[in-house]
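I keep these entries as a record of what I looked up, in the order in which I looked. The structure comes first, and the notes follow.

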Amino acid sequence: MADSAQKDVKPAYTPQTEPIPDDGKPFVPALLVIDMQNDFVYGSLAVPGASNIINRVNQLIDLPFTTKVATRDYHPDNHVSFAKTHQQEPFSRIIIYHPDDRDELKGLEQVLWPVHCVANTVGADFVPGLTQTMFEKTIFKGTHRKVESYSAFRDAWARDESELPGHLAEHGITDVFCVGLAGDFCVKYTALDAVDYGYRTWVVVDCVKSISQDEVAWDKLKNAGVHFTTSEFVKKRI
Ligand code: VGL
Ligand code: ZN
């Protein structure tokens with residue numbers, strides 16, 4: 001029984017990966033280490049296989065990127081993205097509005113999550129074993145009670161920017177490398193925004209894990225112009 005049930009599990013989908021070209025063009029790379037926090041590895045919103053990427057992420061953190069930035073999901077305990085806040089079941093969906101924009105009816109569909117990454121709790125800490133000493137900056141996301149933010153660049157309504165765009169601009173970054181959690185949420189929306197902000201954008205696929213199957217996220221990223229690579233290719237170029 002267990003055997004036949006296992007056969008139905010889809011294999012993890014791996015997108016086509018490519019080496020990072022060395023073509024004489026300006027190449028000023030930034031590493032974004034996204035949400036490598038206890039709750040996403042071992043806690044209330046544990047991403048399957050997340051602990052397996054810690055060592056590979058550390059190997060990239062050791063490379064001489066021009067800047068290395070971490071993000072932390074960092075919510076108040078009654079955050080709008082929590083199912084409990086709405087007395088709903090986790091993983092149900094509702095439409096939410098920007099607190100300053102109710103009249104425009106620009107609702108966004110929000111997945112309602114288990115309580116996770118509450119500010120000043122262990123769940124919001126970096127996962128033990130992650131090299132934390134090399135980050136030039138840490139971006140805290142989702143800190144406003146009524147505003148969701150998957151992307152490291154700006155909130156879900158693209159209204160308020162974080163410090164990340166300015167930081168990357170100050171360093172003259174050309175290429176953004178995204179690693180971490182979760183591939184189908186914060187990594188995905190960060191990578192999409194990186195393209196929007198004009199960066200050549202790479203997702204390092206063996207340094208990312210997703211909450212659900214990856215296919216949909218990868219497809220959308222590919223169509224947006226995101227490039228896929230591996231930590232082996234990154235180590236050859238950085
Ligand atoms: C994330 C769900 C809720 C993520 C953050 O880091 O991908 N996912 N909050
Ligand atoms: Zn969150």
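Entry 1, the cover over a helix. I began with what lies over the buried residues of H3 in this predicted model, and found that the cover includes strand E1 (29-34), strand E2 (67-73), strand E6 (175-181), strand E7 (200-209) and helix H7 (231-237). The helix itself spans residues 54-61, and its buried residues that I noted are Val57, Leu60 and Ile61. These three lie on the same side of H3, because they cover an arc of only 105° around the axis.

Entry 2, strand E2 and its partners. I then turned to E2, which is mostly covered, with six of its seven residues buried. E1 and E2 run parallel and are joined by five bridges, and among the paired residues I picked out isoleucine 34, whose bridge partner in E2 is threonine 71. E2 also pairs with strand E5 (residues 137-141), again in the parallel sense and over five bridges; here I looked up valine 69, and its bridge partner in E5 is lysine 137.

The largest nonpolar core has 56 residues, and I asked which of them touch the most other members. They are Leu32, Phe177, Cys178, Val179, Val203 and Val204.

Around ligand 1 I listed Asp35, Phe40, Asp73, Ser81, Trp113, Tyr150, Leu181, Ala182, Phe185 and Cys186. By residue class this shell divides into seven nonpolar, one polar and two charged. Leucine 181 and alanine 182, both in the list, are joined by a cis peptide bond, for which I noted an omega of about -15°. Alanine 182 is found in the loop between E6 and helix H5 (186-196).

Is aspartate 35 buried or exposed? I count it as buried, because it has 30 C-beta neighbours inside 10 Å, and the cut-off for that class is 20 or more. Glutamine 87 likewise is a residue other than glycine with a positive phi, in this case near 50°, and it sits in the loop between E2 and strand E3 (93-96). Glutamine 87 is exposed, however, because 6 other C-beta atoms lie within 10 Å.

Last I looked at glutamate 18, which lies in the loop between helix H1 (2-7) and E1. How far apart are glutamate 18 and threonine 230 in sequence and in space? They are 212 residues apart in sequence, whereas the C-alpha to C-alpha distance is 7.7 Å. When I leave aside the neighbours within four places in sequence, glutamate 18 is in contact with His227, Phe228 and Thr229. Even with these contacts, glutamate 18 counts as exposed, because it has 12 C-beta neighbours inside 10 Å and the class takes in residues with 12 or fewer.

Terms used:
Residues are numbered from 1 along each chain as its sequence is written. Chains are lettered from A and ligands numbered from 1 in the order in which they are written. This is a predicted model: local features need pLDDT of at least 70, side-chain atom pairs count only at pLDDT 80 or more; totals for chains, interfaces and linings use all residues. A residue is near a molecule or strand if its C-beta atom, placed from the backbone, lies within 6 Å of it. Ala, Val, Leu, Ile, Met, Phe, Trp, Tyr, Cys and Pro count as nonpolar, Asp, Glu, Lys and Arg as charged, and the others, Gly among them, as polar. Helices (H or I, at least four residues) and strands (E, at least two) are DSSP runs, numbered from the N terminus. The arc is that of the directions from the helix axis to the C-beta atoms. Two residues are in contact if their C-beta atoms, placed from the backbone, lie within 7 Å. A nonpolar core is a set of buried Ala, Val, Leu, Ile, Met, Phe, Trp, Tyr and Cys residues joined through C-beta atoms within 7 Å. Two strands pair if DSSP finds at least two bridges between them.
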